[in-house]
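Subject: Structure for you to look at

Hello,

Here is the structure I promised. Please open it first, then read my notes below.

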Amino acid sequence: MFEKGTKMYSIRKFKCPHCQEGDFFVSNVYDLRHVGDVHESCEKCDASFTKEPGFYFGALYVAYGIGVVLILTLWAAISLLFDNVSTGVLIAVIVLSIVVLTPYLFSLSKIIWANIFIPYDSKALELKEKGAH
Ligand SMILES: [Zn+2]
């Protein structure tokens, strides 16, 4: 399920959706000056990562969905695992988790969005090499 060639591979490893070799992001997820900065195109296969201006606005819907799932999961887990947790503590833990995870979730939503629109091609690198010679 997570092998090369699946969208999960690209999403989990933050790799180019097209060839799954090149890096998708400019730097590490928690490099706060470059959070979510995407390369213009793949360094390995030349696939464009920005199909049109504002392409990644759609990733906000993905981020929203992930955020809702995260909040519900945390809320359920904390309620089940601990007795008598006050609402204040519950909210504080959830807000803190979201703040800490925001750079990761932001990047995650972008690569999921890119994977919806950029298809994988196992021959992407071969095709590029043929074109170059
Ligand atoms: Zn690529």
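This is a predicted model: local features need pLDDT of at least 70, side-chain atom pairs count only at pLDDT 80 or more, and totals for chains, interfaces and linings use all residues. Residues are numbered from 1 along each chain as its sequence is written.

Overall layout first. The chain has four helices and zero strands. Helices are DSSP runs of H or I, at least four residues, and strands are runs of E, at least two; both are numbered from the N terminus. The order from the N terminus is α-α-α-α. The radius of gyration, taken over C-alpha atoms, is 18 Å, well over the 14 Å that the globule rule gives for 133 residues, so the chain is more spread out than a compact globule. That rule is 2.2 Å times the number of residues to the power 0.38. Along the principal axes, the C-alpha atoms fill a box of roughly 70 × 30 × 20 Å.

Burial next. Of the 133 residues, 20% are buried (20 or more other C-beta atoms within 10 Å of the residue's own; exposed is 12 or fewer, partly exposed in between; C-beta atoms are placed from the backbone).

Now helix H2, residues 59-81. Its 23 residues should span 33 Å at 1.5 Å a residue, and the end C-alpha atoms are 32 Å apart, which agrees. The expected span is 1.5 Å times one less than the number of residues. H2 is hardly covered: two of its residues are buried.

H2 packs against H3 (residues 87-117): their axes come within 9 Å and cross at roughly 145°. Axes are lines fitted to C-alpha atoms, for helices over the stretch in contact, with angles from 0 to 180 degrees between N-to-C directions. Residues of H2 in contact include Ile66, Leu70 and Trp75; those of H3 include Ile98, Phe106 and Trp113. Contact means C-beta atoms, placed from the backbone, within 7 Å. By class, this contact has 18 nonpolar, three polar and one charged residues (nonpolar: Ala, Val, Leu, Ile, Met, Phe, Trp, Tyr, Cys and Pro; charged: Asp, Glu, Lys and Arg; polar: the others, Gly among them).

Most residues other than glycine have a negative phi. Gln20 has a positive phi, near 60°, and Asp46 has one near 70°. Gln20 is buried, with 23 other C-beta atoms within 10 Å. Asp46 has 17 and counts as partly exposed.

Best wishes

Conventions: Two residues are in contact if their C-beta atoms, placed from the backbone, lie within 7 Å.
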